[in-house]
Amino acid sequence: MENTSFQEIKDGLRRDFAIRDLNGSDKSIEAIAQDLGFSSAANFHRAFKRWTDLTPGNFRKLRIG
């Protein structure tokens, strides 16, 4: 983790928690975005797509993790 920025660590944790919640709960995508501190569901969608190449909805349909 040397030379890892705080933002990279934060993004990694957000990604991991998002994957956990999308796979293991029926929480709405909006609720997950809010729980993870995103200012909007749209911002969460963009970040999640950047992390996984899938939208949160498509990821949830696949139930991968």
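Phe48 and Trp51 are both buried, with buried meaning under 20% relative accessible area for a 1.4 Å probe and protein chains only (exposed is over 50%, partly exposed in between). These two sit three residues apart in helix α3 (residues 41-52), so about one helical turn separates them. Helices here are DSSP runs of H or I with at least four residues, numbered from the N terminus.

A quick note on the model: this is a predicted one, where local features need pLDDT of at least 70 and side-chain atom pairs count only at pLDDT 80 or more, while totals for chains, interfaces and linings use all residues. Residues are numbered from 1 along each chain as its sequence is written, and side-chain values use heavy atoms, with hydrogens and water left out.

## Rings meeting rings

Rings of Phe, Tyr and Trp (its six-membered ring) pair if their centres lie within 6.5 Å; planes under 30 degrees apart are stacked, over 60 edge-to-face, and the rest tilted. That rule gives five aromatic pairs. Phe48 and Trp51 make an edge-to-face pair, because their planes are at 70 degrees, with ring centres 6.4 Å apart.

Phe48 also pairs edge-to-face with Phe59: the centres are 5.2 Å apart and the planes at 80 degrees. Phe59 belongs to helix α4 (residues 56-62) and Phe48 to α3, so this pair ties together parts that are eleven residues apart in sequence. Phe59 is buried, as is Phe48. Ring pairs join Phe48, Trp51 and Phe59 with Phe38 and Phe44 in a cluster.

## An arginine over Phe38

What sits over the ring of Phe38? The charged end of Arg14 does, 3.9 Å from the ring centre. To count, NZ of Lys or CZ of Arg must be within 6 Å of the ring centre and within 35 degrees of the ring normal.

Arg14 is one of the buried residues of α1, which also include Asp11, Ala18 and Leu22. The buried residues of α1 pack against α2 (29-35), α3 and α4, where contact means heavy atoms within 4.5 Å. Leu36 touches Arg14, Phe17, Ala18 and Phe44, leaving aside residues up to four places away in sequence.

## The nonpolar core

A nonpolar core is a set of buried Ala, Val, Leu, Ile, Met, Phe, Trp, Tyr and Cys residues joined through side-chain atoms within 4.5 Å. The largest one has 13 residues, and those with the most contacts inside it include Leu36, Phe38, Phe44 and Phe48. Helices α1, α2 and α3 are the elements giving two or more residues to this core, and α3 supplies the largest share, four residues.
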